[in-house]
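Please keep the viewer open as you read.

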Amino acid sequence: MKKILILGSSGSIGRNALEVIREFKDKFKVAALSVNKNIDLIEKQIDEFKPEAVCVKDEAKAKELRKRIGNKCKILEGESGLLELSASADYDIFLSSLVGFAGLAPTIEAIKKGKRIALANKETLVAAGELIIDLCKKYNSQLIPVDSEHSAVFQCLSGEKENYVKKLILTASGGPFLNKKINELISVTVEEALKHPNWKMGNKITIDSATMMNKGLEVIEAHWLFNLHRKNIEVLIHPQSIIHSMVEFIDGSIKAQLSKPDMKLPILYAFSYPERFVFNQINTDFKKIKELTFFEPDFNKFECLKLAYDAIDEGGTKPCIMNAANEIAVNNFLLGKIKFLQIPLLIKDALEKIESKKSTDIETIFESDIKTRKYLLNKYN
Ligand code: MN3
């Protein structure tokens, strides 16, 4: 029986993970959960999954939950509660589906305990890839990707030697604006940007998909996870999202991992690895799929993708600055403060103005993140 801690259990990944656990009650158990403020949902989750503790990030909501359920379950609160839960709960697998940079500190606590990290929070590796990889080695913590593309690559690499790999081909749906021209993007609304064709996800990642920053973040994530130069990580638009990614080997052979798009699969694999469990919920019928198509991404239209590739080249805290700027830009877009095409402009502004540091120790990472946020919030609010 593996015990699982889920940070962000009201989000899309968190809810999918609980569905997986519900399906495999004999193999997995919930150790602890956290939500930002959705106490109605976590109350139901506590009743069903009986975690030893939970954390509610919003302190007022935490108090309200305590009033409602009394001593039924230990309730922690705030940022410090998340850290305490990650450092002291009794669990085997840490699944963080927190959004953005907020996932970094709790993940570090879990790594220090030598736990398996089922990584859904890609911003952690984008902002602090070098640090996280070093810490995982130091504390013997296993990093298993939950991001569907990286899970695909991870599965393709199973049984292969590192020097057999020629390149990764990360597939991308292209998001809702794949077929729009760049001048048509000037006036797109928040509602249009939130309509993802293949995946139902949270707001931040859905906007990232529309700008293709999501794929840029994933290129950086793959760079760290699989120790590959950015020249060996290619992005390919594949609107059907059936091939989740591919690996080309030095002999020209290519492996791909395919299925109907459903996050339960990569979550289950990150939990069950190195085993596979019988699971009948996802049936991929090629007779119904009919065609798989591929296009090269347009780097002019999706400027964020280019910014991400450039950030890896520059290294140091550049990717951390880019990530923080993107979080602010996306939030400002969601609030209606800026237009869609201003998202890459805000990021470029921050990348120019905030000095990048070579060192990627934890203090420098946090300092770069805060500086970037302060700069943009002052300028655009
Ligand atoms: Mn993905």
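The model is predicted, so to speak of local features a pLDDT of at least 70 is needed, side-chain atom pairs count only at pLDDT 80 or more, and totals for chains, interfaces and linings use all residues. Residues are numbered from 1 along each chain as its sequence is written, and side-chain values use heavy atoms, with hydrogens and water left out.

Let us begin with the sheet. Helices (H or I, at least four residues) and strands (E, at least two) are DSSP runs numbered from the N terminus, and two strands pair if DSSP finds at least two bridges between them. An open sheet with mixed pairing is formed by 4 strands in the order 9-8-10-11. Strand 9 (233-237) and strand 11 (254-258) are its edges, each pairing on one side only. From one strand to the next, the twist averages 20°. Strand 8 (residues 165-172) runs parallel to strand 9, joined by 5 bridges; Leu-168 stands opposite Ile-233 of strand 9. Helix 10 (residues 213-225) packs on this sheet and touches strands 8 and 9, where contact means heavy atoms within 4.5 Å.

The angles here run from 0 to 180 degrees between N-to-C directions, with axes fitted as lines to C-alpha atoms, for helices over the stretch in contact. Two of them are set out below.

| Pair | Angle |
|---|---|
| Helix 10 and strand 8 | about 155° |
| Helix 4 and helix 5 | roughly 20° |

Next comes the helix pair. The axes of helix 4 (residues 78-88) and helix 5 (residues 104-112) come within 8 Å. Their crossing angle makes the two helices roughly parallel, a term for angles under 35 degrees. Helix 4 brings Leu-82, Leu-83, Ser-86 and Ala-87 to the contact, and helix 5 brings Ala-105, Pro-106, Glu-109 and Ala-110.

Which strands pair in the parallel sense over 6 bridges? They are strand 1 (residues 2-7) and strand 2, with Leu-7 bridged to Ser-34 of strand 2. Strand 2 (residues 28-35) has 7 of its 8 residues buried, so the rest of the structure largely encloses it; buried means under 20% relative accessible area (1.4 Å probe, protein chains only).

Finally, look at Leu-185, in the loop between strand 8 and helix 8 (190-193). Leu-185 counts as buried because its relative accessibility is 0%. Leaving aside residues up to four places away in sequence, Leu-185 touches Phe-177, Lys-180, Lys-301, Phe-340 and Leu-341. Between Leu-185 and Phe-340 there are 7.1 Å in space, C-alpha to C-alpha, although they are 155 residues apart in sequence.

Notes:
Parallel < 35°, antiparallel > 145°, perpendicular 65-115°, else oblique. Buried < 20%, exposed > 50% of the residue type's maximum accessible area, 1.4 Å probe, protein only.
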